[in-house]
Amino acid sequence: MKKLFKSATFSFPDHHSIKSLSPFSPPPPSHHYSFKSSHSSLPSHHHHHSRTPSSSSSQHTFSESTNQEILHTATQIITKWGCSGDSGIYEAAESLFTEDRKEEVRAFISIVLDLQAAMKYLLSTDPYSDMLIQGQNLLQTAMTRLQREFYIILKTNKQYLHPESLSTRLSKWSSNPSPGSSHGGLWSRSSKSDFEDPDDLVSEEDYSLRSGDGSGLESNKLVISAMNDLKLIADCMISSGYAKECVMVFKMVRKSIVDEALYSLGFERLCSSTSSKLHKMSWESLEPKIKNWLSAVYFAVRALFNGEKILSDHVFSSSSTIGESCFYEIIRDGALSLFAFPEQIVAKRKKLTENSSETGRIFDILDLYEAIVELSPEIEHIFSCNSTSVVRSQAETSLLKLGEAARAMIGEFESSIQKETAKSQPVPGGDLHPLTTNVMNYVMGLSEYSVVLTEILGDCSLALPEDYFESPYGSDVHANVASRFAWIILILLCKLDGKAGRHGDVALSYLFLANNLWYIVDKVRRTVNLRRLLGERWLERQEAKVRQYTASYERVGWGKVISSFQPEVEAAAEVGAGGVGGEAVENSVEESREWFLKFNAAFEEAHRKQKDWAVVDRKMRDEITVAVARKVVPGYRKEYGKYRGALVRGKGVNGGVKSVVRFAPEDLENYLSVLHFGTGGVGGDSGGSASSRSETSLSSSSASSTDSSPSNSVVRSTTTMTA
């Protein structure tokens, strides 16, 4: 007699192979912790089976009557809740697992366990018994019913069993175990069915206590009840040999939930067609997708995958192998696509390397890298088993590719600075060069990723001149990152030195260098990470260079004007001595006239050249104005008093004194105070108008009178000029 058994999908060939092929052989002890002993579930008189019988015939007679009783009870209970042959497991049906039917569920599960025990006995004693066939048919009916119940619970509790909800509720619970409990969470304990031993399951009151509040008690109750019911059914079906049917339903329902959640996040699963689309898209079109991914990956790992892992581990806790495999099948497509996306972006970037102007792409790459690094502990934990190692491996591969891309992009950026050619005209007025602002924006943005850059750059150390940079970190891991930032800035400074000579005026070159180096120093000082990495010593050295550049500008730009003064007068000017009423020296009219003409020409030439020059920082502009005024105004005031008196007394000047003496000392202060605002008013809103006023005044021979008072419309840069 041959009979197919659904649970093991084999037929009875002969008596000798039955025992080894039996689908009802006891599972390993670890698989039994969710159920009471099958013998303890049998009627009390069945325990006589364990005693030494007086004869084999009496034992067989007694066991046969016991099995008949079990089959009779099983027929009554299972048939009542059994599914008709033509009804599918997904069709709507009245559920057995409701709050008011706990006793019926207890009886149903108990008789299934008894039926299993009876069939095990029959297999070992009479494998061709009709009772064995009857028992198998009853077991098949019971499993179909449990499969349907499994589906109903999953579908009707979809809202409460959403991975995000599970992750939020149960992760919180696991991190706050109750006092005296050695268990870390719902899935780490021996969670028996509440129909078997309620004390071994987590109750809603227990959850409320451990979560620290009583909020959402009803929803907590539903979550815990549904999870416990699912576990109860899964344990029963697995022990009966129906794991495949149970897993099939679980995967079908749960995978649709995970896929739907990922889709709602705006993440499109990668496949051959979408990968091809990515490679055809511009980087600008990819940026929104990168932002979507950054939002999706945190939610997916910490909520979706974590919550699904919690549910799978709990429901299939009787078999970790089944639970891990089931979890992997549910999240496989979504997880692999999610972690493959950064690798696809890296591949796309390689095709765009010829366009080196898109420096902002590295920040997208670093965002992707930083996200995976930040999620690494969760990824290691959630995908720790062998069956999900491929997901973990994909995340590691993407991380590796992103790191390689970031290193390459930094190297490409450094090369782009060195290869930058100054084909265009010099920046007007010695203003900031676009290269300076671009590089510093890049460096400041890069400094925000200093933590991950320590991993990306590794031990790629650079040997820099000691008089330029000494890392404040010594041999610390941050020293390599700090030296890399210092190196990029050094490349920029060298490039600026070359560009300075293109201005055609030495004074303007110095002003150009002062402006650009000041900007670099200011940005470093204002950027917390950059300041920490480069250190105060580096800042002090660069600030000293700025002062050297401004001093050189003053010396070269106003040297001709200052050389007009007699040495002793110039020396007095350095200490602020002298005045309009200073000592007069007898000079001829011609000598006085020549001196004024020489000074006028020198001052007008210097002013004309510098009227459109810019000093980008207000404080530095004021300091330069004060420094120049201290060198020019006191000296001119001394010579003005001496030579003007000779002209007035001589009265031999054609056109009068006003035609020769074009500036009063106060006029010089006014003209100096409106310099260094540039053509576009770099230093402030008033810069452009001030420059225009100075140009107009100097273009007219009668713009200022020797007897006139200073114009009130021009704001002096400082009151110390007249000291």
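These notebook entries record what I looked up on one helix pair and on the salt bridges.

**Basis.** I worked from a predicted model, in which local features need pLDDT of at least 70, side-chain atom pairs count only at pLDDT 80 or more, and totals for chains, interfaces and linings use all residues. Residues are numbered from 1 along each chain as its sequence is written, and side-chain values use heavy atoms, with hydrogens and water left out.

**Helix pair.** I looked up helix 12 (residues 361-382) and helix 15 (residues 450-457), whose axes come within 10 Å and cross at roughly 90 degrees. Helix 12 is therefore roughly perpendicular to helix 15 (65 to 115 degrees). Axes are lines fitted to C-alpha atoms, over the stretch in contact for helices, with angles from 0 to 180 degrees between N-to-C directions. Helices are DSSP runs of H or I, at least four residues, numbered from the N terminus.

I then listed the contacts (heavy atoms within 4.5 Å): Leu-366, Tyr-369, Glu-370 and Val-373 in helix 12 meet Val-452, Leu-453, Glu-455 and Ile-456 in helix 15.

**Salt bridges.** I found 30 salt bridges in the structure, each a side-chain nitrogen of Lys or Arg within 4 Å of a carboxyl oxygen of Asp or Glu. In one of them, the closest N and O atoms of Arg-145 and Glu-149 are 2.5 Å apart. Both residues, Arg-145 and Glu-149, are buried (under 20% relative accessible area, with exposed over 50%, partly exposed in between, 1.4 Å probe, protein chains only).

For Lys-611 and Asp-612 I noted 3.1 Å between the closest N and O atoms of their salt bridge. Lys-611 is buried at 15% relative accessibility, whereas Asp-612 is partly exposed at 28%.

Methods:
Helix = DSSP H or I, 4+ residues; strand = E, 2+ residues; numbered from the N terminus. Parallel < 35°, antiparallel > 145°, perpendicular 65-115°, else oblique.
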